[in-house]
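I'd like to walk you through one structure, so let me put it up on the screen.

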Amino acid sequence: MYTVRNVTEDLYWVGVNDHKTSLFENIFPIPEGVSYNSYLLLDEKTALFDTVDWQFAQEFVKNIEYTLDGRDLDYLVIHHMEPDHAGTIEEICYRYPNVKIVSSEQGFEIMNQLGYTKQDEHEQIIVKEGDTLSFGKHTNAFVEAPMVHWPEVLISLDLTDGVLFSADAFGTFGALDGKLFADELDFDRDYLDYMRKYYSNIVGKYGPFVQDVLKKAADLPIKYICSLHGPVWREDLGYIIGKYDTWSRYEPEEEGVMIAYASMYGHTEYTAQALASELCRRGMTKVILHDVSTTDVADLISDTFKYSHLVLASVTYNLGIYPKMKDFIHDLEALNVQNRTVGIIENGTWACTVGDKMEDYVNENLKLVDVLGDRVTVNTSLSVANKNDMESLAEAILESMAKNRELKAKLSK
């Protein structure tokens, strides 16, 4: 038995699932696992599209050998040189001495930078935007997709079956474990959060480049989307393309509030809970709270991309921003977060400076972010003296949501 599955009649998924890696790119926790997708075309010529991480070479090679069933491998097409997809290039070169290597010019440069040398013994075919390569019945057209999310990235479209090999675009965390197609999953329930976390943290900084690729893809006759991570899309392609369009324009996915709090002894946390309660009493129940000290920043960024409103609630620390909160705010800048409304809760026992510092940083470093004028200032712990300010902040959040809805309605006319 093998883990191979058909994508189309003559295109096969020969990838692997990873439940061993705990930190993707040694940064992002992936308890849900991840897949490394590779695809093998059996045409007049055989073509392998991308490889997998080196630690899964044995399983990967078994899938290829089983699918080829004695045939030789004619082409190895590399769309993206990140090691989780290019880690077994040399192994393929050793096992298939006649294989031709296809990649971008910069892709071959990165192979050399990674210390790969075996491909130098093989015919190398450099492709660029507009080039095509025929395998017999199938012809692939290549499109350059720089900075989605490395500079050398290519995507290609099988002009016969409409299969888009999209590199890391439309990828997601989450192992597949036997399933292959998005329509075999309860995607919104089980994978959408993983996909948003993947996009916002891996690709999020490069929204303008994603927009450029989406414009190129708009005119392509796409019937399947084959990413290098996650399920294959063959139905409702507009849904997933729409998600990428929203995220890459830095527009909120939905109306709601993410409250990120930094609390040393629980007082700021309680204040954040009180704001959540006030919002829910007023009918806004799409509220989520995160402790910046215990929530991985990948999840903080993902929910920031999801919701329209962000509240930063922090204790003053060494007359400044609590370190974990400062790290989160720096990541907002690094990942180019914009088009959000921000509220502030500050706490301090003797010198409450954190609110001004957070507001100044947001105003100076984030684009198109509106900081609400209503602020809650807590003197050590929440008291009845904060009641009016808490109600004002909740009301300001709801009013800004109403204004956003009105603006969208006008723009849609």
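Let's start with a quick one: over which ring does the charged end of Arg234 sit? It sits over the ring of Phe181, 3.6 Å from the ring's centre. To count, NZ of Lys or CZ of Arg has to be within 6 Å of the ring centre and within 35 degrees of the ring normal. Lys100 does this too, with its charged end over the ring of Tyr75, 5.5 Å from the centre.

Before I go on, some housekeeping. This is a predicted model, where local features need pLDDT of at least 70, side-chain atom pairs count only at pLDDT 80 or more, and totals for chains, interfaces and linings use all residues. Residues are numbered from 1 along each chain as its sequence is written, and side-chain values use heavy atoms, with hydrogens and water left out.

Okay, rings. A pair of aromatic rings is described by the distance of the centres and the angle of the planes. Rings of Phe, Tyr and Trp (its six-membered ring) pair if their centres lie within 6.5 Å; planes under 30 degrees apart are stacked, over 60 edge-to-face, and the rest tilted. The structure has 21 such pairs. Take Phe49 and Phe165: their centres are 4.1 Å apart and their planes at 20 degrees, so that pair is stacked. Phe49 is in strand 8 (residues 46-49) and Phe165 in strand 15 (residues 163-165), so the pair ties together parts 116 residues apart in sequence. By the way, helices (H or I, at least four residues) and strands (E, at least two) are DSSP runs, numbered from the N terminus.

Now look at Tyr199 and Tyr244. Their centres are 4.9 Å apart with planes at 70 degrees, so this pair is edge-to-face. Tyr199 belongs to helix 6 (residues 192-203) and Tyr244 to helix 8 (residues 237-248), 45 residues apart. Are they buried or exposed? Tyr199 is buried, with a relative accessible area of 0%, and Tyr244 is buried at 1%. Buried means under 20% relative accessible area, exposed over 50%, and partly exposed in between (1.4 Å probe, protein chains only). Both tyrosines belong to one aromatic cluster, together with Phe170, Trp247, Tyr250 and Phe305.

Next, helix 11, residues 323-334. Its 12 residues reach 16 Å from first C-alpha to last, close to the 16 Å expected at 1.5 Å a residue (that's 1.5 Å times one less than the number of residues). Which of its residues are buried? They are Met325, Phe328, Ile329 and Leu332. They cover an arc of only 95 degrees around the axis, which puts them on the same side of helix 11; the arc is that of the directions from the helix axis to the C-beta atoms. After helix 11 comes Asn336, with a positive phi near 65 degrees.

Last stop: Ser314, in strand 19. Ser314 is buried, with a relative accessible area of 0%. Its contacts (heavy atoms within 4.5 Å) include Met325, Ala262 and Met358, not counting residues up to four places away in sequence.
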